[in-house]
Amino acid sequence: MEINLRIPGPTPIPPQVREALSRQMINHRGPEFAEILGRVTENLKTIFQTKNDVLIYPSAGTGMMEATVINVTSPGDTVVVITIGTFGERYANIAKTFGLRVVTVDHDAGHGAHLDEVEKVLSETKDIKAVFVTHNETSTGVTNDLEKIAKLIKAKDLLLVVDTESSLGSIPVKIDEWGIDVAFTASQKGFMCPPGIAMVSVSERAWKAVESSSMPKFYFNFLDAKRSALKGQTPYTPAVSLFFGLDTALEMMLDEGLEKIFARHKRIGEFTRKEIKKLGLSLFPYEEFASNTVTAVKIPEKIDGKDFLTKARVEHGLVLGGGQGTLSGKIFRIGHMGWVEEKEIADAIAVIKQLI
Ligand SMILES: *Cc1c(COP(=O)(O)O)cnc(C)c1O
């Protein structure tokens with residue numbers, strides 16, 4: 001049975017990338033790797049729409065969340081975390097783990113951050129070291145209006161760190177234009193690669209924060225990565241095979257063109273929502289905030305959510321995402337980022353139609 005992997009990451013990998021992943025090893029301190037690192041970094045800057053430095057680590061996205069926290073803060077600092085779901089809460093938990101004072105902004109599930117709430121918290125909180133925001137909340141299929149949120153934060157001249165893991169390379173994120181100091185993503189979402197590589201952009205202003213940070217860190221010290229990059233290396237052994245894959249994936253992305261990729265994701269997002277509503281199902285998010293990379297759908301009361309997901313997978317080869325935390329059994333999620341066209345969504349819809 002053919003598998004239709006429709007979870008919001010890891011996402012399916014094109015054949016060209018799979019082939020690149022199987023190449024023989026090379027010396028990670030040799031000229032061949034230096035060339036790949038240079039090219040991948042430059043191509044990432046194009047996709048990130050930034051002139052800032054881009055660093056690459058072998059890590060899950062969560063490792064990079066931790067890295068972004070510990071590189072720009074010092075123990076006892078105050079940070080604001082704008083949470084709209086599970087991944088925002090994870091940022092707050094990481095910050096707390098490192099002894100930071102964390103102020104969060106309240107939210108309604110399924111809704112983007114309320115700009116007036118953001119403004120209020122930013123005005124009322126003293127000595128904010130940095131503001132952390134989730135761009136696309138994968139757990140609920142909600143996309144924040146990052147441009148507007150960034151404006152509020154920049155108006156207060158604050159350091160802005162954004163989790164763009166499930167948006168960057170799929171829906172527009174204008175790092176330089178919107179003044180995003182730190183943004184990260186990982187290989188297994190919009191980048192058509194297996195999990196294992198995380199990448200982050202760091203602005204001039206963020207480098208100043210990194211230089212003055214006294215938070216203990218070793219593996220994730222961005223200053224070491226920056227120094228090594230000048231030699232065409234990474235401080236520790238890179239995920240060499242994933243670099244081969246990412247190199248190929250980036251080439252494919254640049255061949256398609258950023259604007260075309262964004263247009264495809266928008267078209268497929270709209271198509272998914274339209275088809276879901278045609279089945280009489282309801283979207284979990286408020287539609288104005290519905291994401292173009294992942295669609296969260298309410299599971300009707302009469303249906304056993306767990307049973308539905310199992311049947312889809314076992315009987316039809318359709319692998320959907322479930323709900324996380326308190327949403328377990330209440331929603332399912334269809335991933336549509338990276339290497340995806342209408343066909344895969346139409347196939348998924350046909351299965352869902354049979355099961356509800
Ligand atoms: C997937 C994801 C993460 C976490 O990534 P891992 O690679 O699973 O650690 C963080 N934030 C967002 C928005 C994500 O979609």
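A polar side-chain atom of lysine 189 lies 2.7 Å from an oxygen atom of the ligand. On its own the ligand has 380 Å² of accessible area, and the protein covers 88% of that. The model is a predicted one.

**Polar atoms at the ligand**
- The side chain of glutamine 188 has an N or O atom 2.8 Å from an oxygen atom of the ligand.
- At glycine 61 a polar backbone atom is 2.8 Å from an oxygen atom of the ligand.

**Shell around the ligand**
- H3 and helix H4 (86–97) are the elements that give two or more residues to the shell.
- The residues around the ligand include Ala60, Gly61 and Thr62, as well as Phe87 and Arg90.
- Also among them are Asn136, Thr138, Asp163, Glu165 and Ser166, together with Gln188 and Lys189.
- Sorted by class, the shell has six polar, four charged and two nonpolar residues.

**Aspartate 77**
- Aspartate 77 sits in the loop between helix H3 (61–72) and strand S3 (78–82).
- The relative accessible area of aspartate 77 is 16%, and this residue therefore counts as buried, the cut-off being under 20%.
- The side chains of aspartate 77 and lysine 129 are joined by a polar contact of 3.4 Å.
- Apart from neighbours within four places in sequence, aspartate 77 is in contact with Leu100, Arg101 and Lys129.

How values were computed. Residues are numbered from 1 along each chain as its sequence is written. This is a predicted model: local features need pLDDT of at least 70, side-chain atom pairs count only at pLDDT 80 or more; totals for chains, interfaces and linings use all residues. Side-chain values use heavy atoms; hydrogens and water are left out. Helices (H or I, at least four residues) and strands (E, at least two) are DSSP runs, numbered from the N terminus. Buried means under 20% relative accessible area, exposed over 50%, partly exposed in between (1.4 Å probe, protein chains only). A polar contact is a pair of N or O atoms within 3.5 Å; within protein, one must be able to donate a hydrogen and the other to accept it, and residues adjacent in sequence count only if both atoms are side-chain atoms. Contact means heavy atoms within 4.5 Å. A residue is near a molecule or strand if one of its heavy atoms lies within 4 Å of it. Accessible areas come from the Shrake-Rupley method with a 1.4 Å probe; for residues, only the protein chains shown count as cover. Ala, Val, Leu, Ile, Met, Phe, Trp, Tyr, Cys and Pro count as nonpolar, Asp, Glu, Lys and Arg as charged, and the others, Gly among them, as polar.
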